[in-house]
Amino acid sequence: MELSLNNNHLVSVILVTYNTAKFLNDALNSVFAQTYSNIEVIIFDDGSTDETIEIIQSYQSKFKLTTCYREHTGNVGKLRNEAMKLAKGGFIAFIDGDDVWREDKLEKQLKYVMKFDLVCSNAIEIDSSGNMTNEDMFNELSNGKLELSKLIFNNYVLTSSVIINKNILEYSGMFDEDVGIRGEDYILWLHIAECGIIYFDDDKLLSYRRHSQNLSFLNSKERKQLLLRTINIRKKYWNYKEEVVSQMAKFGCADLFSELSRISFDSGELKEAKHYCKEYLRISKDFLKIRYMKFVFLYAYLTIIKGA
């Protein structure tokens, strides 16, 4: 059944923010500038200490907002789940306080969301000043169903690009609240890919911002923790009933082990670098690829020359 865009379908827009005062106006302005107007906006602030709360309050005088202010927890998944309990719409869309929607994002995605369980899109990448740094974040993908086998290898679902049927969200178990600020969205998208259909739109409906305060700029210790958590998520699919999913889960882990080895080597943690290098070689099957041979030589170098 095709969705008739007559503004009869309420979309609940959920924003969880923490110290994003520098970018929040751009995010909220992009929401309220949508060509599809039947929306409600629910904002949960996670204990911001900058001007974020003042900015939110300035919009309350112009727009109808549901707001909730919490002490800082760092648990984005838990706060999103709390926000969803307040949502009245049949569809849920997410936006982070530092990202920007294209003005026709919701209108375009609503054409698909009645036929698919979750709709996400491609994006451009911008810096802290709004300058474009990547015009095509996922140039290896095209319009169509995002299979579990692809998603388990790489997380192609940007949370700020998502619109989803609320019933599917609840059926899939909502966001994992135990994971905290690392990986709760990826776990949910994988669950939805298992039980439903994710549609990827190659149109760039989102400006995804990378800056010094988000996960793209973690220090080496935090970056390694994030990679290890992602590996643990993917390991659960190593013995999946579909062989292609199992294989891609292993390849995805091998890819992250290679990055862990590089980070450890660059920071002088040679025993760790050797361990992650060994894990990469154990899992990867790209025996004739240049990268595989590089790690063979790296492992030999760390073992023989450095005695790691």
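Predicted model: local features only at pLDDT ≥ 70, side-chain atom pairs only at ≥ 80, totals over all residues.
A polar contact is a pair of N or O atoms within 3.5 Å; within protein, one must be able to donate a hydrogen and the other to accept it, and residues adjacent in sequence count only if both atoms are side-chain atoms.

Residues are numbered from 1 along each chain as its sequence is written, and side-chain values use heavy atoms, with hydrogens and water left out.

I begin with Q109. Its side chain reaches the backbone oxygen of S161 at 2.7 Å. Q109 has a relative accessible area of 0% and is therefore buried (under 20%; exposed is over 50%, and partly exposed lies in between, with a 1.4 Å probe and protein chains only). Q109 belongs to helix α4, residues 105-109 (helices are DSSP runs of H or I, at least four residues, numbered from the N terminus). Beyond four places in sequence, Q109 touches V119, C120, S121, S161, I163 and L205, where contact means heavy atoms within 4.5 Å.

I turn next to the core. The largest nonpolar core has 91 residues, and F94 and W189 touch the most other members (such a core is a set of buried Ala, Val, Leu, Ile, Met, Phe, Trp, Tyr and Cys residues joined through side-chain atoms within 4.5 Å). Helix α9, residues 243-266, supplies the largest share of this core, 8 residues.

Finally, I305 is part of helix α11 and, at 60% relative accessibility, counts as exposed.

Terms used
Helix = DSSP H or I, 4+ residues; strand = E, 2+ residues; numbered from the N terminus.
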